[in-house]
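Biologist: I am new to reading protein models. Could you walk me through this one?

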Amino acid sequence: EGWRAGQVYAAIDKALALPPGTTKQSLAKAELKLPAAAGGNPEGYLFPSTYPVDDKTTPQSLLAAMVEKADKKFNAAPVAAGAQRTSMNTYQAVTIASIVQAESATKADMAKVARVVLNRLERGMPLQMDSILNYGLGRTAAARVNANDIQVDNPYNSYQRMGLPPTPIDNPGEDALRAVMNPAPGDWLYFVMVKPGDTRFTADYAEHQRNLAEAAAHRQSRSPQSAT
């Protein structure tokens, strides 16, 4: 769960002992059954699971199996009903699930993170989530974002752009999707992991600022420089 398409392509190349880049190049002839909204981009629809590999397996067949499994999972009755309850189409639900997957420190946090995303969307607030911007910048989801980064003109700049990103930002698993379909009740608009096992959710910006300061202090206390 949470791998980006590029990581999936690399894993397929390795599993099939193919030169790097082979799977990505095979996309054009894979004829994947993606929703129209995806625009041919399988991000979000390479469903995380275990897939059998034998001497007849090709990149196209593996990608097709992943997309087929995603299609079955995403169009199952519980997901379809959940999307309808929250006035989303399936592609939007998968996109939110990908954000929840990237932003959640633990599975226990997912339903709360989903609620924060939905609350922000409902209030017309920018999502302002680093994982989205980092995807657009080609960096890991957890990379530190600075003041210069948030000024970048990028369709995935969730600090500057309103609404959801153009595509999912990874391939979410069932737990993340379930969290989107059944978000926790709450008015939260902000969250931050202060330290492992301590993610704090709040609707109060001043409280969030205090939590951010505490998180920064905790990181500083664990940095190599602080030990010298």
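This is a predicted model: local features need pLDDT of at least 70, side-chain atom pairs count only at pLDDT 80 or more; totals for chains, interfaces and linings use all residues.

Biologist: What does the secondary structure of the chain come to?

Modeller: Helices (H or I, at least four residues) and strands (E, at least two) are DSSP runs, numbered from the N terminus. Here there are nine helices and two strands. The order from the N terminus is α-α-α-α-α-α-α-α-β-β-α.

Biologist: Which residues of helix H1 are buried?

Modeller: Buried means under 20% relative accessible area, exposed over 50%, and partly exposed in between (1.4 Å probe, protein chains only). In H1 (residues 5-15), the buried ones are Ala 5, Val 8, Tyr 9, Ile 12 and Asp 13. They lie on the same side of H1, because they cover an arc of only 140 degrees around the axis, taken from the directions from the helix axis to the C-beta atoms. On the other side, Lys 14 and Ala 15 are exposed.

Biologist: Which residues touch the most other members of the largest nonpolar core?

Modeller: In soluble globular proteins, nonpolar side chains tend to be buried together. A nonpolar core is a set of buried Ala, Val, Leu, Ile, Met, Phe, Trp, Tyr and Cys residues joined through side-chain atoms within 4.5 Å. The largest one has 48 residues, and Tyr 45, Leu 46, Val 100, Met 129 and Val 180 touch the most other members. Helix H5 gives the most to this core, with seven residues.

Terms used: Residues are numbered from 1 along each chain as its sequence is written. Side-chain values use heavy atoms; hydrogens and water are left out.
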